[in-house]
Amino acid sequence: MRQDAVRGHLDGLLLAVLEPGPLHGYAIITAVQERSGGALELRTGTIYPALNRLERLGLLSSSWQSSGERRRRCYELTDAGRHTLAGERTAWSEFTTAIGSVLNPAAPPGFAT
């Protein structure tokens, strides 16, 4: 899938994969890839600036966690992030309905197929 297809939907994707609980950056990338069946591959140069921006907006919080000798920054949704995710889902549903109506129009009423 083209990388620009994600543009405008990145925030919603990140918030959605963090809904079940905290994840570190690489786990977020992996979750998006797995949940999309491999169609979406986010790059670290895309994801980390977005995570930092979402944290500055108060939609995510983060903390450092250790795994063996490795320290990782883990991100989780805030209440504001959960509220924003609900809005992203509503907007996505409205968007896909509108695009679907154009790409796959139903037959006009009274039109025999």
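How do helix 1 and helix 2 lie relative to each other: roughly parallel or roughly perpendicular? The close-ups below start there. This is a predicted model, in which local features need pLDDT of at least 70, side-chain atom pairs count only at pLDDT 80 or more, and totals for chains, interfaces and linings use all residues. Residues are numbered from 1 along each chain as its sequence is written, and side-chain values use heavy atoms, with hydrogens and water left out.

**View 1. Helix 1 packs against helix 2.** The two are roughly perpendicular to each other, a label for angles of 65 to 115 degrees (under 35 is roughly parallel, over 145 roughly antiparallel, the rest oblique). Helix 1 (residues 10-18) and helix 2 (residues 25-35) meet at about 100°, and their axes are 10 Å apart. Axes are lines fitted to C-alpha atoms over the stretch in contact, and angles run from 0 to 180 degrees between N-to-C directions. Helices (H or I, at least four residues) and strands (E, at least two) are DSSP runs, numbered from the N terminus. Leu14, Ala16, Val17 and Leu18 of helix 1 touch Ile28, Ala31, Val32 and Arg35 of helix 2, where contact means heavy atoms within 4.5 Å.

View 2. Two bridges join strand 1 to strand 3, and His24 stands opposite Cys74 in strand 3.

**View 3. Strand 2 and strand 3 make a hairpin.** Eight bridges link strand 2 to strand 3 (residues 70-77) in the antiparallel sense. Ser66 faces Arg71 in strand 3, while Ser62 has Tyr75 as its bridge partner. Two residues lie between the strands, and Gly68 takes a positive phi near 70°.

**View 4. Here is the largest pocket, with about 240 Å³ of space.** A pocket is an open set of points on a 1 Å grid over the protein atoms alone, where a 1.4 Å probe fits, with protein on both sides within 12 Å along at least five of seven lines; lining residues have an atom within 4 Å of a point. Helix 4 gives the most to the lining, with six residues. Among the lining residues are His9, Leu13, Glu88, Arg89, Trp92 and Phe95.

Key
Pairing = 2+ DSSP bridges. Points joined across faces, edges and corners; volume = space filled by probe spheres on them.
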